[in-house]
Amino acid sequence: MTRLTRRHLALGLFATSAVAAAGGIGLALAPSDRAVIVGAGPAGAQAALALRAAHPALRVTLLERDPTRLARETGDAAAAAFVPPRTEATLSRLKAQGIEVMLDDVTDVDWTAGRLSLFSGRDAAFDRLYLAPGTTAKAEAIEGLDAEARFAMPAAWGNAREARRLAAQLAALPEAGHVVLRLPAELSHPQVALHRALVLARRIAATRPAARLTVLDATPTPALAQSFAMAKRLQGIDAQVAWITAAEGAGVTAVDARAGRIETGAGSLRADVINFVPPHVAGAIARTAGLVDASGWCPCDARGRSMLRSDAVVLGDARKGTARTLDGARLSVAATVAQA
Ligand SMILES: Cc1cc2nc3c(=O)[nH]c(=O)nc-3n(C[C@H](O)[C@H](O)[C@H](O)COP(=O)(O)OP(=O)(O)OC[C@H]3O[C@@H](n4cnc5c(N)ncnc54)[C@H](O)[C@@H]3O)c2cc1C
């Protein structure tokens with residue numbers, strides 16, 4: 001059973017759905033075309049396999065900048081709860097299917113020439129480009145929120161090093177310590193945020209029963225607070241939790257990471273551990289490629305075709321208004337498959 005399946009059973013948080021397997025994938029490919037996919041997360045890796053299955057003669061290249069992304073599990077149990085689930089498409093599986101995997105950072109897209117510029121100085125030609133770059137943190141104008149503060153108050157939102165730092169900070173939490181989870185108004189992954197709040201509450205209950213958790217939830221509706229209250233009760237999590245909503249002043253106005261202090265509309269808080277989640281937008285290369293609108297996300301039709309460039313396809317979390325879960329990523333590939 002995969003880690004995600006266990007989570008489904010334990011929490012029921014991530015809606016399951018029947019997702020079609022590969023078929024063919026989009027926008028009229030010729031047999032000898034070169035299809036290039038940017039991003040080897042669940043969406044990009046699945047798309048590479050779908051393309052290969054549908055078009056055996058197609059040249060398929062998958063570009064990924066993070067060498068750990070397709071590696072085997074590292075087995076850091078304490079941090080595992082703070083990292084996204086891995087794609088089922090491992091490096092060996094991709095290679096066995098004849099997919100070329102290139103480790104590089106795509107820095108620019110020349111749509112006219114059909115070329116990608118890569119950080120290494122290389123470039124890559126494409127006939128059809130699929131962008132699956134996931135998300136990136138959005139800068140916020142909050143007093144005191146500099147690089148040092150972001151280091152001390154890890155988001156652990158897709159970054160394995162931050163996940164390990166957060167886990168280490170929780171392991172060092174004083175007996176009656178205080179943990180703060182900050183959630184921004186524009187929350188990219190509501191279900192992940194709910195899961196995070198439950199993980200923190202469970203960890204405190206299990207390891208520091210005298211400690212407490214405060215959730216600063218600046219999202220505009222009480223939906224998350226209500227889901228948390230229900231899940232906490234159903235799961236019998238016996239932790240002291242204060243949930244502060246936007247209406248109660250959850251918005252953060254300033255931070256002092258060294259002092260562990262957060263200024264909010266509800267007053268000043270002191271914490272031993274701060275899990276500071278920023279708002280996110282589509283991965284930066286989507287903006288560079290001209291696929292992002294004012295919302296920071298990629299507007300697409302149901303099949304992933306960009307509304308800003310009809311020859312571009314966007315998959316996974318980067319799309320505007322999508323469900324940012326594994327099933328959402330898989331569905332985005334399956335829907336694109338129908339275009340072949
Ligand atoms: C902490 C956390 C926990 C989660 N837990 C769950 C869960 O339990 N269940 C669930 O269903 N969902 C979960 N999710 C959501 C799920 O992980 C995402 O919906 C899914 O990973 C989206 O896949 P993706 O391929 O679109 O993007 P990503 O997984 O973000 O992959 C994008 C990839 O693109 C690469 N990339 C970006 N830009 C470039 C570039 N310029 N050049 C080269 N490569 C680039 C990145 O390095 C990355 O590997 C979680 C998310 C987070 C943040």
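## Strands β1 and β2 and their sheet

In this predicted model, strand β1 (residues 34–38) runs parallel to strand β2 (residues 59–64), and five bridges join the two. Strands here are DSSP runs of E with at least two residues, helices are DSSP runs of H or I with at least four residues, and both are numbered from the N terminus. Two strands count as paired if DSSP finds at least two bridges between them. Ile37 stands opposite Leu62 in β2. Helix α2 (residues 42–54) packs on the sheet, where it touches β1, β2 and β7 (128–131). The direction of α2 makes about 175 degrees with that of β2. Contact means that the C-beta atoms of two residues, placed from the backbone, lie within 7 Å. Angles run from 0 to 180 degrees between N-to-C directions, and axes are lines fitted to C-alpha atoms, for helices over the stretch in contact.

The open sheet has five strands in the order β3-β2-β1-β7-β17, with parallel pairing. β3 (100–103) and β17 (312–314) stand at its edges with a single partner strand each, so one side of each has no neighbour in the sheet. From one strand to the next the twist averages 20 degrees.

## Numbering and confidence

Residues are numbered from 1 along each chain as its sequence is written. Because this is a predicted model, local features need pLDDT of at least 70 and side-chain atom pairs count only at pLDDT 80 or more, while totals for chains, interfaces and linings use all residues.

The pLDDT, the predictor's confidence in each residue from 0 to 100, averages 89 over the protein, and 89% of the residues score at least 70. Over residues 1–26 the pLDDT is below 50, and this stretch has 53 contacts in the model beyond near neighbours in sequence. Where pLDDT is low, the predicted coordinates should not be read in detail.

## Overall composition

The secondary structure comes to 10 helices and 17 strands. Of the 340 residues, 41% count as buried. A residue is buried if 20 or more other C-beta atoms lie within 10 Å of its own, exposed if 12 or fewer do, and partly exposed in between, with C-beta atoms placed from the backbone. Among contacts with a separation of 6 or more, 69% are between residues 24 or more positions apart.

## Nonpolar cores

A nonpolar core is a set of buried Ala, Val, Leu, Ile, Met, Phe, Trp, Tyr and Cys residues joined through C-beta atoms within 7 Å. The largest has 49 residues, and those with the most contacts inside it are Ile37, Ala47, Ala48, Leu131, Ala286 and Val314. Helix α2 gives the most to this core, with seven residues. Leu131 touches residues including Val38, Ile285, Ala286, Leu291 and Val314, not counting residues up to four places away in sequence. Another core, of 45 residues, lies apart from it; Ala167, Leu181, Leu213 and Leu269 are among its members.

β10 pairs with strand β9 (residues 178–183) in the parallel sense over six bridges, and Val179 stands opposite Leu213. The chain crosses from β9 through helix α7 (residues 190–207) to β10 in a right-handed β-α-β crossover. Right-handed means that, with the strands pointing away from the viewer, the path from the first strand over the helix to the second runs clockwise.

Five bridges join β10 to strand β11 (residues 240–244), again in parallel. Leu213 stands opposite Val241 in β11. The β-α-β crossover from β10 to β11 passes through helix α8 (residues 223–234) and is right-handed.

## Antiparallel strands

Strand β4 (residues 106–110) runs antiparallel to strand β5 (residues 115–118), joined by four bridges. Asp108 has Ser117 in β5 as its bridge partner. The two strands form a hairpin with four residues between them, and Gly114 in the turn has a positive phi of about 65 degrees.

A three-strand open sheet has the order β12-β13-β14 with antiparallel pairing. β12 (252–256) and β14 (267–270) are the edge strands, each with a single partner strand. Four bridges join strand β13 (residues 261–264) to β14, with Ile262 as the bridge partner of Leu269.

## Two alanines

Ala156 lies in the loop between α5 (147–152) and α6 (160–171). Its phi is near 50 degrees, a positive value in a residue other than glycine. Ala156 counts as buried because it has 22 C-beta neighbours inside 10 Å.

Ala284 is found in helix α9 (residues 284–288), and it counts as partly exposed, with 15 C-beta neighbours inside 10 Å. The C-alpha atoms of Ala284 and Ala137 are separated by 9.3 Å, although the two residues are 147 residues apart along the chain.
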